[in-house]
Amino acid sequence: MEHELNGRKALVTGGASGIGAACVRELAARGAKVVVADVDADGAAALADEVGGTSWAVDLLDVDSLATVSLDCDILVNNAGIQRISPIEEFDPVQFRRILALMLEAPFLLIRAALPHMYANRFGRIINLSSVHGIRASPFKSAYVSAKHGLEGLSKVTALEGGEHGVTSNCVNPGYVRTPLVEKQLADQAAVHGIPESEVLAKVMLTEAAIKRLVEPEEVASLVAWLASDHAGMVTGASYTMDGGWSAK
Ligand code: NAD
């Protein structure tokens, strides 16, 4: 397992923090050369140094600039994401558009930029960080749920087009993972529901989960690394939940 990604080049968006950072470390540990792409230039550079990779300081909200990018990675992990919690009638339309740009349009443009290299090499792994909210909805997350449902569709279309070229495309659908994004969500949910943060996990976020703990970023990264490996060559157009049973009900 240690060297199974030797010779592969991976690009992880939002790679400076949380799940993305765990993916960077796991892919590098298995032998891949990793590009850490993030708007947090210092964080991306520091992690790239740590794993012997390179960094790409990029604001993925600048979607126009992504239309002319070409990528030479064998593994693309579309991970960068943000969250806003608000009832629809109060949801800022500018924020709605930004979330769709970052979490749906940017992945489309990066996939578009990566496919020519992958098709030429007859190998490619596209792994899209979706969410349980790619397959189930929750109130107050209209933009996030819309973007993730869209990403599920994009991932399946990529799988259908890429199959004959040796390219797979899959979604990973975590429940609540212990990252800065979720720490912010805990605070936001506490405000929306008017209860202390300490009660949010048990009473709001994990009520329907069979295993009532947060997912660790490293657990998600090990699934991503498996999907990137040769073992997963027949896995495409799929969505893998890792949510402690949250979506099983
Ligand atoms: P995080 O906040 O820890 O990290 C997100 C990273 O994305 C940061 O490094 C940030 O700088 C980067 N980023 C944000 N805006 C960017 C931009 N405009 N351009 C480039 N980079 C940008 O988040 P996380 O919790 O690790 O989430 C990562 C992904 O996993 C997201 O797509 C999220 O929706 C998904 N996800 C997270 C959870 C969870 O519970 N944390 C659950 C399901 C799915």
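This is a predicted model: local features need pLDDT of at least 70, side-chain atom pairs count only at pLDDT 80 or more; totals for chains, interfaces and linings use all residues.
Empty space was examined first. Rolling a probe the size of a water molecule over the atoms shows where such space is left. In this model the largest pocket holds about 840 Å³ of space. Its lining is made up of 41 residues, and those closest to the centre of the pocket are Asn-79, Ala-80, Gly-81, Ile-82 and Leu-181. The greatest contribution is that of H6, which supplies 6 residues. When the lining of the largest pocket is sorted by class, 19 residues are nonpolar, 13 are polar and 9 are charged. Two domains take part in this lining, as at least three residues come from each of domain 1 (9–176 + 216–235) and domain 2 (179–214).

The second largest pocket has a volume of about 190 Å³. It is lined by 15 residues, of which Ser-138, Pro-139, Tyr-176, Val-204 and Trp-246 are the closest to its centre. The elements that provide two or more residues to this lining are H6 and helix H7 (197–205). By class, the lining of the second largest pocket consists of 8 nonpolar, 4 polar and 3 charged residues. Domain 1 (9–176 + 216–235) and domain 2 (179–214) each give at least three residues to the lining of the second largest pocket.

The crossing in which H4 passes H5 is right-handed.

A second pair is formed by H1 and helix H2 (residues 41–51), whose axes lie 10 Å apart and whose packing angle is about 20°. This angle also falls under the cut-off of 35 degrees, and H1 and H2 are therefore roughly parallel to each other. Helix H1 passes H2 in a right-handed crossing.

The backbone angle phi was considered last. Most residues other than glycine have a negative phi. Arg-122 is not a glycine, yet its phi is positive, at about 55°. This residue, Arg-122, is located in the loop that lies between H4 and strand S5 (124–129). Phe-140 is likewise not a glycine and has a positive phi, with a value of about 75°. The position of Phe-140 is in the loop between S5 and H5.

Key: Residues are numbered from 1 along each chain as its sequence is written. Side-chain values use heavy atoms; hydrogens and water are left out. On a 1 Å grid over the protein atoms alone, a cavity is a set of points where a 1.4 Å probe fits but cannot get out, and a pocket is an open set with protein on both sides within 12 Å along at least five of seven lines; lining residues have an atom within 4 Å of a point. Grid points are joined across faces, edges and corners, and a volume is the space filled by probe spheres set on the points. Helices (H or I, at least four residues) and strands (E, at least two) are DSSP runs, numbered from the N terminus. Ala, Val, Leu, Ile, Met, Phe, Trp, Tyr, Cys and Pro count as nonpolar, Asp, Glu, Lys and Arg as charged, and the others, Gly among them, as polar. Domain bounds come from an automatic or database domain assignment. A crossing is left-handed if the near helix is turned anticlockwise from the far one by less than a right angle, and right-handed if clockwise. Axes are lines fitted to C-alpha atoms, for helices over the stretch in contact, and angles run from 0 to 180 degrees between N-to-C directions. Angles under 35 degrees count as roughly parallel, over 145 as roughly antiparallel, 65 to 115 as roughly perpendicular and the rest as oblique.
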